[in-house]
Amino acid sequence: MKPEVKVCGVRDVAFAVAAAKLGVDYLGFIFEPSSPRHVTVEQAAEIAAALGAEARRRVRLVGVFVRESTDEIAAAMRRAGLDVVQLHRRASAADVAALRAEGFGVWTLAGGAEGDGVLFDSTHGDGETAFRQVDGKSIVAGRIGLENLTDVLVLGPDVVDVNSSLETAPGVKNAARLEDFMHTFAAATAADNTKERE
């Protein structure tokens, strides 16, 4: 089955609208203040509203959190109108259960309790990046671009999470770079599907 595409670190309306038109499946909003891709809840809500009803039926919105409590996360998710929580920390089973009880999908970092998806991030500094199949969605992230996309797809992830390779500067996404990525992704996944049918 063809993997989905998540673009993380979205910070502006124009890029988000372009990404939705290009067929991205997930848009990620980083709420960690130390990140150059940080957004406020108000900024995320503005972008979510600007996507329009048609795009919102197809594109899922992901909130990325590092240190907030589950109560703080749930409040931010509701205010911004997002769908999936991505816990970029070692999640506990209690974290996952609490956020699921609030009605959100939950993605967790590999090495902690597993949620509806497990993120394997090569830029996370502790070496816990070995990809494996999981019960939920398997998400691969970390310096993914045109030069290594084929290698990433060979792993067989459910979601390819792309971020910095789409930027002209930290936190500044470029729609033309995303268009190039999506064309390459479509060609690569079409080739894989052809091989599977042969």
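Student: How far apart are Phe181 and Phe185 in helix 7?

Tutor: In this predicted model, Phe181 and Phe185 are separated by about one helical turn, because they sit four residues apart in helix 7 (residues 175-197). Helices here are DSSP runs of H or I with at least four residues, strands are E runs of at least two, and both are numbered from the N terminus.

Student: And how do I read a pair of aromatic rings?

Tutor: You describe it by the distance of the centres and the angle of the planes. Rings of Phe, Tyr and Trp (its six-membered ring) pair if their centres lie within 6.5 Å; planes under 30 degrees apart are stacked, over 60 edge-to-face, and the rest tilted. The structure holds four such pairs. One of them, Tyr26 with Trp107, is edge-to-face, at 5.0 Å centre to centre and 65° between the planes. That pair links distant parts of the chain, with Tyr26 in strand 2 (residues 26-30) and Trp107 in strand 5 (residues 105-109), 81 residues apart. Phe181 and Phe185, on the other hand, are stacked, with 6.4 Å between centres and 15° between planes.

Student: Are Phe181 and Phe185 buried or exposed?

Tutor: Both Phe181 and Phe185 are buried, and so are Tyr26 and Trp107. Buried means under 20% relative accessible area, exposed over 50%, and partly exposed in between (1.4 Å probe, protein chains only). Of the chain's 198 residues, 47% count as buried.

Student: What about a loop residue, say Val134?

Tutor: Val134 lies in the loop between strand 6 (117-121) and strand 7 (137-141). With a relative accessible area of 14%, Val134 is buried. Setting aside neighbours within four places in sequence, Val134 touches Glu114, Val118 and Phe120, where contact means heavy atoms within 4.5 Å.

Student: And why does the chain's overall size agree with a compact globule?

Tutor: A compact globule of 198 residues would have a radius of gyration near 16 Å, and this chain has 16 Å, so the two agree. That radius is taken over C-alpha atoms, and the globule rule is 2.2 Å times the number of residues to the power 0.38. The C-alpha atoms fill a box of roughly 50 × 35 × 30 Å along the principal axes.

Technical notes: Residues numbered from 1 in each chain as written. Predicted model: local features only at pLDDT ≥ 70, side-chain atom pairs only at ≥ 80, totals over all residues. Heavy atoms only, no water.
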